[in-house]
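Here are my notes from a look through this one.

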Amino acid sequence: MQTRKKYIFLTFLASWLLLFLFGGDQLRHFSFFSGRKAEARRNWPRWTDRSLLKSFADPEELQRDGDPSLLSPRERRAAWLSVYRSSRCRMETCFDFSRCEKHGFKVFTYPQERGQPVSETYSKILSSIERSRYHTANPEEACLFILSIDTLDRDHLSGQYVRNVDEKIRSFPLWNGGRNHLIFNLYSGTWPNYAGDLGFDIGQAILAKASFDTESFRPGFDISIPLFSKDHPQRGGDRGWLYQDSVPPRKKYLLVFKGKRYLTGIGSGTRNALHHIHNGKDIISLTTCKHGKDWEKHKDTRCDKDNIDYERFDYQELLHNSTFCIVPRGRRLGSFRFLEALQAACIPVLLSDGWELPFAEAIDWGKAAVVGSERLLLQIPSAVRCIHPERVLAFQQQTQFLWDAYFSSVDKIVHTTLEIIKDRLSPHRSRSRFLWNALPGGLLVLPDFSTHLGDFPFYYLQHGYSPSKKFTAFIRAVSQAGSLSQPILRLIQAVSGSQFCAQIVVLWSCEKPPPPSGKWPQTTVPLTIIQGRRQLSDRFFPFEAVRTDAVLSLDEDTSLSTSEVDFAFLVWRSFPERIVGFPTQSHFWDPEQGRWGYTSRWTNELSIVLTAAAFYHRYYHSLFTEYLPAGLRELVDELAACEDILMNVLVAAVTKLPPIKVTQRKQHKEVVAQQAECRDGAVGTPPPGQRSPSAPHSAPARVKGTAGSWRFSQRQDCLNQLADWFGYMPLVSSQLRLDPVLFKDQVSVLRKKYPSLEKP
């Protein structure tokens, strides 16, 4: 019995010893379970827990927060509350939705006061709004208001700092405590802490701000915008640097940085540590102390060597030849290099803790950037090395899409800001996150048209949708129809014979009423007559009568056979996002004239398919009418020979693709429309008393006479004015023509599906 107790005691003691030796570490950590759980909530990177990966950073360096004069979290919060007194603002509490119900989403900009200074950048922002489809000159119609006071630079040490803003805005009768107002800001706070102080009370206004801190950001109300320079283009903008032949995705350098190194003050901690990751091979991290007036007073032992190494590399060359670009915080959270990296297809590696990323409400930055942590700087190289090459290429492609869609110009930045606000007004008709992050981008997908992906021409291939199997023939008539021998009646008979035709709609653009129904030919499909406003832009109005996805746009004098229509429609169903048609034109750059030229000569090049005979998706009617500003549609009506060029420019700007030409049995002649039977001063002829300019050197021989040369000159002027309006030339040239299988091959006619296309 005594021996048995002895064995039991030894077994119990051994168990405790084993538990202590092998399980003690877990027991010691048990008391800190809640702390470790909070630590595990860190989003990026998930595998950098201390128990899994050793940190090679100096603990003191990681914990050092820069200058001891920086504000404490409590002081920062107090400073923020002094500025954002309406910190609990939401759209439901601080925005008057009723102002937007009657006239829709209209934006009013305050008139400029005499002698009031306005920076070049703020002038661009105001111009972007005033040139847009959102603008209204009547404050009674406005849903949103923009101050004329320049609020971009709120650093009181800056020469562009506007004083006494509080007094000025309170004197505005429309201010109403900031309700329904939008305030733009790029720089806030000043040395040494660069807090978010704007120097005036924004009240209940929405703040569109660069370098937005997540602590002061009001989700669902404020908008974070990117920091951009005064040289950022007003419209258009330069293309991204990634091209189709830019492979392999990994470049000469893996990771680069070249910029200032702050010796003291906020932001110095992160930039002072960047030299630790430099290896001189595939990771280049260059900093310079040589900036500011008194940099030599604070220089350390590294400054001289850093300054020498800094001059050895060109910044643009590094951007071109690197896969990843480090984007650390500066004095403020944002920096210019964020947009520079996006444009260069250099994947941004963000080191700016607490930065609310630009347009994060709409943009999924996880697909285009690596969001790092300033505390884990030394683990960045190993993190980016683990990213698979296919994923790298996907990141690069997304940077190019985001740059082109939302950031390449001031216009796009401002319009994205406004569209995000507009989406908040009608959540049930707002764009999904997919639409914001997929081609062609949220600005070009109108939720008022539809919120279903299958209704747009861009997503058929991705989601397995297909366009409707029928089309609507849309004929613009400008002359009186009298007998069956006239071209419009022959055209109706040919089109109605197509097995794919669902209906025919005739847009009657004459002052005289259309002929009675008895004089129109009998067709197997419905024939609808719509009275137009006698404006060229009417042909692209989104009439409710058009219910099919495909629209066959026709002029009354177009000559087509049923086989031509059938074949063109089948081609369009394979390319529903493009214009597919018969007569083509092209554009070219004339170095002698320093402007764009237009030619209708028959060459292998084409960039325009005339809408006198072309298929396209009906969504482009909505884009033409609702997306384009009224000024462009007025330009079309004034120049009188411009509507088809504008439609081609619009589709090319959206898709970045050229139109497609299909087989044509007869050559299309660009005739001058005579509308004397409709009204005086008809479209296609010079106004009375106006002298017609001589035709350019590229004018085709087929267009003869004074009226023809005047029309050709009008089209060239139109092309150049559109290029100026868009900020670049959107048209894309192509040498592609699609013919039926066995077209003109020496084989039996019985083997050909469209033998009639080969008949003269």
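The points below go through salt bridges, a helix, some strands, the cores and a few single residues.

1. Ground rules before anything else. This is a predicted model, where local features need pLDDT of at least 70 and side-chain atom pairs count only at pLDDT 80 or more, while totals for chains, interfaces and linings use all residues. Residues are numbered from 1 along each chain as its sequence is written, and side-chain values use heavy atoms, with hydrogens and water left out.

2. Salt bridges, overall. Side chains of opposite charge can pair when their charged atoms come close. Searching the whole structure turns up 27 salt bridges, taking a salt bridge as a side-chain nitrogen of Lys or Arg within 4 Å of a carboxyl oxygen of Asp or Glu. One of them links Asp-222 and Arg-218, with the closest N and O atoms 2.7 Å apart. Both Asp-222 and Arg-218 are buried (buried is under 20% relative accessible area, exposed is over 50%, and partly exposed is in between, using a 1.4 Å probe and protein chains only).

3. A bridge to look at across the sequence. Asp-549 and Arg-618 meet through their side chains in a salt bridge, 3.9 Å from N to O. Asp-549 sits in the loop between β15 (527-531) and β16 (550-555), and Arg-618 in the loop between β21 (613-617) and α20 (619-627), so the pair ties together parts that are 69 residues apart in sequence. Helices here (H or I, at least four residues) and strands (E, at least two) are DSSP runs, numbered from the N terminus. Asp-549 counts as buried because its relative accessibility is 11%; Arg-618, at 23%, is partly exposed. Elsewhere, salt bridges with shared partners join Arg-133, Glu-419, Asp-423 and Arg-431 into one network.

4. Which residues of α10 (residues 303-310) are buried? They are Cys-303, Asp-306, Asn-307, Asp-309 and Tyr-310. These cover an arc of only 165° around the axis, which puts them on the same side of α10; the arc is that of the directions from the helix axis to the C-beta atoms. Lys-305 and Ile-308 are exposed on the other side of α10. The cover over the buried residues of α10 includes β8 (253-260), β9 (283-288) and α9 (295-298).

5. Asp-306 again. Its side chain meets that of Arg-302 in a salt bridge, 3.6 Å from N to O. Asp-306 counts as buried because its relative accessibility is 13%, whereas Arg-302 comes out as partly exposed at 23%.

6. Strand β14 and its partners. Seven of the eight residues of β14 (residues 501-508) are buried, so this strand is largely enclosed by the rest of the structure. β13 and β14 pair in the parallel sense over seven bridges, and Phe-474 stands opposite Val-505 in β14. β14 and β15 also pair in the parallel sense, over five bridges, with Ile-504 opposite Leu-527 in β15. Pairing here needs at least two DSSP bridges between the strands.

7. The cores. A nonpolar core means a set of buried Ala, Val, Leu, Ile, Met, Phe, Trp, Tyr and Cys residues joined through side-chain atoms within 4.5 Å. The largest one has 88 residues, of which Phe-184, Trp-365 and Phe-407 touch the most other members. Helix α15 gives the most to this core, with seven residues. Domain 1 (86-225) and domain 2 (253-408) both give residues to the core, so it lies between them; the domain bounds come from an automatic or database domain assignment. A second, separate core of 55 residues includes Tyr-598, Tyr-620, Ala-653 and Val-654.

8. Thr-416 lies in helix α15 (residues 410-425) and is buried, with a relative accessible area of 1%. Neighbours within four places in sequence aside, Thr-416 is in contact (heavy atoms within 4.5 Å) with Phe-359, Tyr-406, Trp-436 and Leu-443. Arg-131 is in the loop between α6 (120-130) and β2 (144-146). Arg-131 and Gly-631 are 500 residues apart in sequence and 7.9 Å apart in space, C-alpha to C-alpha.
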